[in-house]
Amino acid sequence: SKNTPQFKNKAYLGIGSNLGNRHDHMITALSLLQNSTTTHTSITRTSHLHETKPMYVLDQPSFLNGVVEISTSLSPMELLNTLKQIEETCGRELKGGVRYGPRVIDLDILLYYSQEKAVSVKEHNLTIPHPLMAEREFVLSPLCDLNPLLKHPQTNATIFDTLKALYESGVKKEAVRVLPLPRNRLLAFNQTLIMGILNVTPDSFSDGGQYYSKEEGNIKKAVEEALYMVNECDVDVIDVGGESTRPGSKEVAVEEEMKRVLPVIEEIRRVSDVPISIDTRHSAVAKAAIKAGADIINDVSGGTFDPQMLPTASSLSVPIILMHSRGTPETMSKLTNYSNVVEDVASELWDRVHDAENHGIYKWNIMLDAGIGFAKGYEENVSLLKHGNGKLRDLLQDASMLWGPSRKRFIGTIVEEEDAKERDFGTIGACLAVTCGGGGTNDEMDGNKEWRRGVGCHMLRVHNVKAVKQAVMVMDAIHKAD
């Protein structure tokens, strides 16, 4: 990462917690590791987070597990001592606790490299590589997120093949990728999740004015719609937006945008614990919305519109959805030239990921969106949807993906429907396209992905929640069948 100091040694650390606010404990531990003046350590990359059932001692809560790649000047023993100090600072009792029992935080050295060469250690209190790695899904699965082709220094097998061998030995695939949310909540990607659109704007392309009221404080319609999505449609996330970003739309002043979204978010949060995302390009709006009770930032500019957006998401430690677009809603219709749309979108999204990581946003807090309808013409949209769960997913190394094809113009073109509200049946077709499909690009791993992938698509952003929810529930059930 360009903003983090690089030291001569590299290590992969396992990090886990199963007590209290698990994600908060992990964030605290990593900031202690990175910010102490004595550790000379920087975090270069992280895995996704996985929720896993306990091993060895079964009568305890589920764990949140991840893997962190660090750059450090510390020797293996110095690193071990630093990790033990951090565990103690975070409240873990290092003496007298149950072996493999519950813990506030657990930090393990899995692998260690000095000047690119793997280092082996065998001391009474430290063995590297970690001796139990090959039997632990909760280590191998997040390590596979980071580098599936990394070779175990002793067996010479890739992490990918080691995990595959574990499943083939009869161990059930139980680790579930999750998105951590504020207040000790999370979203689990063991099924395709549905994000319901709630536009409190006068001019959105499909529902402008429907849930927007000029009378200040009149938020009744918007909140009723949110509760309908929660109670009647079993929505997973509500996406509240106060600025239309349809092609040609103009920027809304930050004060106006706040006036539209904050009272709605506050009221939804007062009556429901449903996860809320704030659909905004403005960091000030994002920050105020999170304070009002929102959980996720959804930025259609991928963090490019407002230079403070990525630092804001980083300091708040909340998930951010980075969408692919070009230009602004006013200019994007002219920016649709691609040499290969799938490869170009993947490459431009990677730039957004690297930028986010350089601002200290962990991979487990990043979702990506290919930006259907944003700086894309008809051909580009259908090509992305065709390859969304195959080539694009491979190029993005199985990133957590959100798709938003709902009621877009390309659907109207196909079904010859001018009225956006009448495109819900077509929307279902587009959504199902990214929940199935496949076919990879990485020869070393081709044909082996299905056991690794879980659901066909992580999240769909739609207007008609009930229709799409039913369709993907059926699709997920078929996808999971033998």
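**Barrel, helices, pocket**

Visitor: How many bridges join strand E11 to strand E12?
Guide: There are 5, between E11 (residues 193-199) and E12 (residues 237-241), and the two strands run parallel. Keep in mind that this is a predicted model.

Visitor: Which residue is the bridge partner of Asn-199 in E12?
Guide: Asn-199 pairs with Gly-241.

Visitor: And in what order do the strands close into a barrel?
Guide: The order is E11-E12-E13-E14-E15-E16-E17-E18, which makes 8 strands with parallel pairing. From one strand to the next, the twist averages 25°.

Visitor: Which strands does helix H8 touch?
Guide: H8 (residues 309-316) packs on the sheet and touches E14 (296-299) and E15 (320-323). Its direction makes about 155° with that of E15.

Visitor: Switching to H9 and H10. At what angle do they pack?
Guide: About 80°, with the axes 9 Å apart. H9 (residues 341-358) is therefore roughly perpendicular to H10 (residues 378-387).

Visitor: Which residues make the contact?
Guide: H9 gives Val-341, Val-342 and Val-345. H10 gives Glu-380, Ser-383, Leu-384 and His-387. By class, that is 4 nonpolar, 2 polar and 1 charged.

Visitor: New topic. How much space lies in the largest pocket?
Guide: About 1100 Å³.

Visitor: Which elements each supply at least two lining residues?
Guide: Among them are strand E1 (9-17), strand E4 (63-72), helix H2 (76-89) and helix H3 (137-146).

Technical notes: Residues are numbered from 1 along each chain as its sequence is written. This is a predicted model: local features need pLDDT of at least 70, side-chain atom pairs count only at pLDDT 80 or more; totals for chains, interfaces and linings use all residues. Side-chain values use heavy atoms; hydrogens and water are left out. Two strands pair if DSSP finds at least two bridges between them. Helices (H or I, at least four residues) and strands (E, at least two) are DSSP runs, numbered from the N terminus. Axes are lines fitted to C-alpha atoms, for helices over the stretch in contact, and angles run from 0 to 180 degrees between N-to-C directions. Contact means heavy atoms within 4.5 Å. Angles under 35 degrees count as roughly parallel, over 145 as roughly antiparallel, 65 to 115 as roughly perpendicular and the rest as oblique. Ala, Val, Leu, Ile, Met, Phe, Trp, Tyr, Cys and Pro count as nonpolar, Asp, Glu, Lys and Arg as charged, and the others, Gly among them, as polar. On a 1 Å grid over the protein atoms alone, a cavity is a set of points where a 1.4 Å probe fits but cannot get out, and a pocket is an open set with protein on both sides within 12 Å along at least five of seven lines; lining residues have an atom within 4 Å of a point. Grid points are joined across faces, edges and corners, and a volume is the space filled by probe spheres set on the points.
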